[in-house]
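This report describes selected features of a predicted model.

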Amino acid sequence: MRQTAQREQRPVRPGRPLRTIGFTIVAFVCDLVLSGVGLGEMHAYDGSVLPTWVLVAAVAVLASPLLLRRRYPLPVLIIVVALTAAIPFVVFEAQPFVSPMVALYAAARWLPSPLARLALAIGLITVVTNLVSVYRFTPDPTPISMLFPGAFFTGAVLMVWSIARRERQHAKRAEELRTQLDTQAEEVARAERSRISRELHDIVAHSVSAMMMQAAGARATARTVADSGPQDERLGWVVDSLSSIEATGEQSMRELHRLLETLRGDEASTDEGDASQNGHRQASFGPGLDALDSLLDTPRRSGLIVDLHRSGHIGELDPSVGAAAYRVVQESLTNALKHGGRGTVVDVDESWVDEGVQVQVRSRPGHEARSDGPATPNGGTGLRGLRERVELAGGRFESGWEGDEFVTTALLPSRPDRKTS
């Protein structure tokens with residue numbers, strides 16, 4: 001949680017400084033307009049006439065701390081609110097309001113709850129300062145005439161603070177979801193490694209053991225023939241060759257077991273007892289295409305706009321093929337959330353064709369996408385793992401950018417071309 005907070009307060013996106021500068025300039029211009037620059041003479045608090053540049057300089061001083069609002073949100077808010085209260089004593093007509101609202105938004109967005117509530121209390125000071133300015137310019141002010149301005153300024157402060165807190169909660173939920181998806185991806189990768197290790201053990205180890213037994217039996221038979229019959233140099237060569245085959249097989253078995261232990265990791269001890277159970281193997285494939293509807297619920301709650309489209313006559317899939325198709329969609333949604341951010345539009349197409357099923361995921365980055373350009377999803381358990389899994393099931397896999405969309409496509413047969421269970 002501490003690392004998450006640091007990451008929020010120390011942005012690393014290259015486009016973020018430009019956005020910070022842009023909002024600072026907008027706040028500066030808006031406060032100049034609200035203060036009436038260019039509409040008439042500017043006066044000091046004692047009534048003397050001031051040049052316009054004094055107001056421009058005062059508002060520039062007020063807005064300049066906003067450049068550091070993401071790094072030091074609370075100090076910037078305190079400084080801006082203090083300057084907001086002090087500027088009318090320099091320029092009588094000045095009534096800045098946008099700069100303190102920008103500073104309040106930053107403080108509420110990036111600070112934890114206790115400090116955010118303190119920021120709200122500081123932000124409400126601007127209500128008082130602006131009411132004082134309205135009171136000075138209102139002829140014959142009464143409590144009723146001040147009611148509407150007071151409600152307006154108070155509502156503006158509460159609205160800005162509430163929006164910022166909601167954005168913080170959404171970002172926090174998105175971060176938690178990313179962590180959850182990463183954890184699930186790791187679990188899927190471990191389960192896949194365990195399944196592959198069982199397949200290697202069942203297929204390769206059995207075949208190598210059979211060859212070793214046959215080589216040992218043939219060697220014993222050849223030695224018996226050589227001892228009981230006439231001597232033949234070719235029999236000695238056969239015995240030596242069979243002995244070499246047997247020794248090589250034993251060495252290969254040792255290397256195979258070592259590699260399997262590395263592949264399976266901590267799950268090796270728990271999986272060996274269950275590897276002989278067909279039910280466990282069937283369950284190891286995981287969910288299939290019939291579970292897509294429930295898979296889409298969590299990304300939708302995190303801010304993705306996901307639509308699922310189905311076409312064609314739905315048929316039956318081998319469990320391994322259905323699991324491969326499910327993982328394609330799951331990994332694509334994970335990449336969309338990581339690299340596209342909230343607001344990303346994702347279209348999931350499940351098209352049934354004569355040779356099997358085609359799963360295609362198209363995603364367009366949202367408003368929280370990386371500002372330095374589209375990032376291609378990658379990773380050891382990402383697209384390369386999907387390609388291997390789809391090809392293991394006898395299918396074809398493609399991925400890449402098509403315009404502003406990242407498209408992942410997997411064409412899978414109804415039955416795997418190779419044994420995957």
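## Aromatic pairs

F153 is buried, with a relative accessible area of 9%. The ring of F153 pairs with that of F152: the centres are 5.4 Å apart and the planes stand at 70 degrees, so the arrangement is edge-to-face, for which the planes must be over 60 degrees apart. Together with F97, these two residues, F152 and F153, make up one aromatic cluster. The count of aromatic pairs comes to three.

A further pair is that of W401 and F406, whose ring centres lie 5.3 Å apart; their planes are at 75 degrees, so this pair is also edge-to-face. F406 is buried, at 6% relative accessible area, whereas W401 is partly exposed, at 31%.

## The hairpin of strands 6 and 7

Strand 6 (residues 396–402) pairs with strand 7 (residues 405–413) in the antiparallel sense, over seven bridges. E398 has T409 in strand 7 as its bridge partner. The two strands form a hairpin with two residues between them. In the turn, G403 has a positive phi of about 70 degrees.

## Two sides of helix 6

Helix 6 spans residues 113–123, and A116, A119, L120, I122 and G123 are buried in it. These residues lie on the same side of helix 6, because they cover an arc of only 160 degrees around the axis. P114 and R117, on the other side of helix 6, are exposed.

L68 is partly exposed, with a relative accessible area of 46%.

Notes
Residues numbered from 1 in each chain as written. Predicted model: local features only at pLDDT ≥ 70, side-chain atom pairs only at ≥ 80, totals over all residues. Heavy atoms only, no water. Buried < 20%, exposed > 50% of the residue type's maximum accessible area, 1.4 Å probe, protein only. Helix = DSSP H or I, 4+ residues; strand = E, 2+ residues; numbered from the N terminus. Arc of directions from axis to C-beta. Pairing = 2+ DSSP bridges. Phe/Tyr/Trp six-rings, centres within 6.5 Å; stacked < 30°, edge-to-face > 60°.
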